[in-house]
Amino acid sequence: MENILSVLNKTTAFLQKHGVPNAKLDSQLLLSHGLGIKRMDLFLNFDRPLQEKELATLRPMVARRAKREPLQHILGNASFRGHEIKCDKRALIPRQETELIIDILSEKLKTSCKSSNPENPGFILDVGTGTGALAVAAALELGVEVFACDVSEEALSLAKENVDLHGLGDKVTLIRSDLLSALPSNSKFDALLANLPYIPLADASALQPEVLNGDPHLALFGGADGLELIRKLLNTCANYLKPNAPVLLEIASGQEKTLQNESFAGLKFAETIKDYSGQARFVIFSKFPI
């Protein structure tokens with residue numbers, strides 16, 4: 001009879017054969033999810049025999065991962081800053097590097113809205129919210145109110161599930177909007193967050209199958225140089241911001257130089273911030289003070 005250790009080893013070898021990155025970790029996560037136990041419990045129960053009904057649950061999950069279906073879609077969720085975020089094909093899977101936006105936002109709010117009014121936690125705009133991961137994390141961790149928008153009806157339905165999952169219906173407002181087109185004209189935000197599509201179309205062939213076939217292309221590709229939507233946002237957002245409000249954008253390394261050398265209505269370039277691996281990942285603009 002198969003036990004946990006033998007199934008882990010066979011699953012790892014099978015996923016490696018099919019070119020799955022991090023096959024060992026993925027095997028552990030698939031087994032712990034399929035067996036309904038914590039990952040750490042796998043290591044404490046290597047000799048535990050697995051029943052046929054348990055193997056029957058695991059086999060299709062492993063087969064899906066071998067076909068390079070994203071692990072998060074199989075598990076149904078991802079962890080974003082420790083918060084559970086439901087994931088499926090409706091929106092881009094939240095990435096670990098994107099988590100830094102919340103830390104950056106926290107620091108920027110200390111010198112913007114809170115400096116003028118310490119009791120004001122902030123009113124934040126999240127453009128291209130996708131799963132709602134940034135909106136959920138900002139509301140939970142910083143206590144801010146978030147106005148989150150996306151052009152995709154499917155993404156917004158997933159974002160609503162995540163907002164409801166965390167009981168944030170009174171803190172996060174969701175609206176369908178092509179960038180800022182559907183926002184109330186009198187809206188004024190303390191900060192703007194955006195993780196918009198920034199991959200150049202020519203780079204599609206270099207993407208992992210999990211990304212190319214798992215994430216919606218609407219959330220991946222930003223035109224010829226990847227900056228088409230980012231430029232459009234930067235040229236239209238100043239009127240929705242309070243004076244000195246920061247605009248925090250995730251980009252691909254190298255794009256910061258292009259954006260720094262361009263001009264955008266009502267905004268000034270502030271700085272570039274690197275991610276965990278030392279790559280330029282975020283650019284910050286701010287609205288000119290009145």
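Helices (H or I, at least four residues) and strands (E, at least two) are DSSP runs, numbered from the N terminus. This is a predicted model: local features need pLDDT of at least 70, side-chain atom pairs count only at pLDDT 80 or more, and totals for chains, interfaces and linings use all residues. Residues are numbered from 1 along each chain as its sequence is written, and side-chain values use heavy atoms, with hydrogens and water left out.

**View A. Ser177 in the loop between β5 and β6.** Strand β5 spans 172-176 and β6 spans 191-194. Leaving aside residues up to four places away in sequence, Ser177 touches (heavy atoms within 4.5 Å) Cys149, Asp150, Val151, Ala182 and Leu183.

**View B. Packing of α6 on α8.** Helices α6 (100-110) and α8 (133-142) pack at about 50 degrees, axes 10 Å apart. Axes are lines fitted to C-alpha atoms over the stretch in contact, and angles run from 0 to 180 degrees between N-to-C directions. From α6, Ile101, Ile102, Leu105, Ser106 and Leu109 make the contact. From α8 come Leu134, Ala137, Ala138, Glu141 and Leu142.

**View C. Burial along α8.** Of its 10 residues, 8 are buried. They are Ala133, Leu134, Ala135, Val136, Ala137, Ala138, Ala139 and Leu142. Just after α8, Gly143 takes a positive phi of about 70 degrees.

Conventions: Buried means under 20% relative accessible area, exposed over 50%, partly exposed in between (1.4 Å probe, protein chains only).
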